[in-house]
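Here is a short walk through this model for someone meeting it for the first time. Please keep the structure open beside you as you read.

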Amino acid sequence: MTDRRPHIVVRDLRLGWGSRVLMESVSFDVARGSTFVILGGSGCGKSTLLRHMVGLATPQAGRIDIDGLGEPYRYDGAPPFGVLFQSGALFSSKTLAENLTLPLTTWTPVRGPMVQQMVQAKLDLVGLGPFAGHLPGEISGGMKKRAGIARALMLEPDLLFFDEPSAGLDPISAVELDELIRMLSRDLGITVVVVTHELPSIFLVADACIVLDKAAKGIVAQGDPRRLRDESTIPFVHHFFTRSSPASESKERVI
Amino acid sequence: MDGKIVALRAERENDSARIVPAGPFDLAHAAAVAHAVADVEPRLEGCRSIDLDLAGVDRLDGAGATLLAALLDRLDQTGRRTRVVGAGNPEAARLIALYRQRSTAAPDTPPRPGRLSRVGRVAADLPRTFTAALDVTGHFIAALPKAIASPRSVDWRVLPKLVQDIGADAVVVTSAANLLVGLIVGFLGVSQLARFGAVAFVPELVVVAQFRELGPLVTAIVVAGRSGAGLASEIATMKVSEEIDALRVMGFDPMRWLVVPRCLAIVAVVPVLTWIGDVTAIAGGLLATTAITDTTPRAYLLATADAITPAHLLAGLIKTPFLALAIGLIACGQGLATQGGAAAVGARTTTAVVLAIFGVIVIDAAFTLLYVAMGV
């Protein structure tokens, strides 16, 4: 039976440093098995929100509830989710296989040849099977990100976070990565939370999204990105999805 | 573990069989799943057609799917026809299909040198390390007049902070090291010279040993460990994060922009640190001597004042800028030579500290031989 409870519930979140408030009154739900995208311009706090959701920072106020556990994750045991950082964050002194082995041998009783079998299966899944013995410095940026995804999948999480997955990639690698994200959600049933501002990625992977605005210090719109693009009357959302700037629009009006 | 039972039943009928997994086929039960798979495989001998019926699987994740997909692949490879029956559990069937279609291509592992070969490579690289050090020195010497001719090509604004970091912040640790060295020489001097009734010469021993050799050497070694590591890791991190490349493409010479101010700062502060260290070493010698002999502090200080000559003082202080320059050039040179990621930063920092300490000892020994030859 499908679990209809939201996978993540965020309520009345206030984020910032000291007396500086970056965003407040942030509330949203992430549906189980969906791909949820956090959007917004540069510096609006997308990655900061993600850091709070994965427990790397503590909110000033509010609640982040993952899987109904109630308590924020505190990194004292096997993580209940996987995270892909912007650079892939692979350990540069270890081969791809060793990078993937680490969470498996740390948090599960799996040992011996089975470790290699599991690692190879995950590398095959992301198309990096032949590169198990390579060091991160010997593969491309897109491959590093795919290896990062394979490592994030090692503990079979049902929730994955991606921070700017297609940043710095060529269009073909970016599409391949987006398709991989789509496959994770569609075929493995994993809930995926993606931080990005790449419009093609958004329309390819997102089931739902929130749009953050720096000036508004919070969410200005949420829902299906295609509907927001076509129907939103909020100026920031309109400019964001149509890649237009308020300045150019007012210039056109004058002409 | 939750006590749930993982089972893989094989139901044979003539030359065909049906494998029926039951229970949780997931990462938490991976060992049990692997065991069940290993058990069922021999029981399929002689079967030409094998169906995997997934209706009874409680839970299947990537780990379980990997093991079942590998079993089906092995059966396929031995010429048997396999089929996944996923009518009762289409998600599980899809997951197994996902892990099966991604077959492993031949590994393409780059060759890695063995331990013996790495030792050989280090030995073979020694001449290159030496020529690289000369190369950095040459570039630095060439950069100095250019820096003077074009002061805007040097980051002078960082100089006060460098003096603070390398000098002022290191005073406590270098002074403490020299105080302890003075104390050790004092105790050693008393224990040895007392046998000849020559305790009165302990202040002179402390002055000569500390001012000429130990002061510059100990101070330089502490600075090499502390600031050498700091400079090397800072520049190495800049190199791997492409900041050095950014400097180059903006028209800055990293040697002038980064290395010149760092070397000037270290050359400026090490003589001062050495001089402060000499003073604290005298205090150490005084503490040791007055603690275990009846020499008064006044008598000790008067004897020390008599022993300090310009020759002793200068013999030590003259070499300190050279020791400092060696630390700065080695640290910055190693930082600039970094290639790779975080591991390379660590490796270069270690190399920088080792080479800087070794270089300091070599230069100090060279000066000592020179002084002996000159009769100073």
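Which side chains meet in a salt bridge of 3.0 Å, N to O?

1. **The salt bridge.** They are those of B:Arg112 and A:Glu138. A salt bridge here is a side-chain nitrogen of Lys or Arg within 4 Å of a carboxyl oxygen of Asp or Glu. The count between chain A and chain B is two.

2. **How to read the model.** This is a predicted model, in which local features need pLDDT of at least 70 and side-chain atom pairs count only at pLDDT 80 or more, while totals for chains, interfaces and linings use all residues. Residues are numbered from 1 along each chain as its sequence is written, chains are lettered from A and ligands numbered from 1 in the order in which they are written, and side-chain values use heavy atoms, leaving out hydrogens and water.

3. **The interface.** On the chain A side, 27 residues are in contact with 28 residues of chain B (contact means heavy atoms within 4.5 Å). About 2,100 Å² is buried between the two chains, and carbon and sulfur atoms give 62% of that. Buried area is the accessible area (1.4 Å probe) that two parts lose on being put together, summed over both. A:Asp124, A:Pro130 and A:Glu156 supply 22% of what chain A buries against chain B, more than any other three residues.

4. **What chain A brings.** Two elements, α3 (113–125) and α5 (171–188) of chain A, each give two or more residues to the side that touches chain B. Of the elements, α3(A) gives the most, with eight residues. Helices (H or I, at least four residues) and strands (E, at least two) are DSSP runs, numbered from the N terminus.

5. **Domains of chain B.** The domain assignment gives domain 1 (7–104) and domain 2 (129–374); such bounds come from an automatic or database assignment. Taken over C-alpha atoms, the centres of these domains of chain B are separated by 68 Å.

6. **B:Arg43.** You will find B:Arg43 in the loop between α1 (30–40) and β3 (49–53) of chain B. Its relative accessible area is 40%, so B:Arg43 is partly exposed (buried is under 20%, exposed over 50%, partly exposed in between; 1.4 Å probe, protein chains only). Leaving aside neighbours within four places in sequence, B:Arg43 is in contact with B:Leu8, B:Ala10 and B:Arg12.

7. **Positive phi.** A:Asp12, in strand β1 (residues 6–17) of chain A, has a phi near 50°, a positive value in a residue other than glycine. B:Glu242 is not a glycine either, yet has a positive phi of about 70°.
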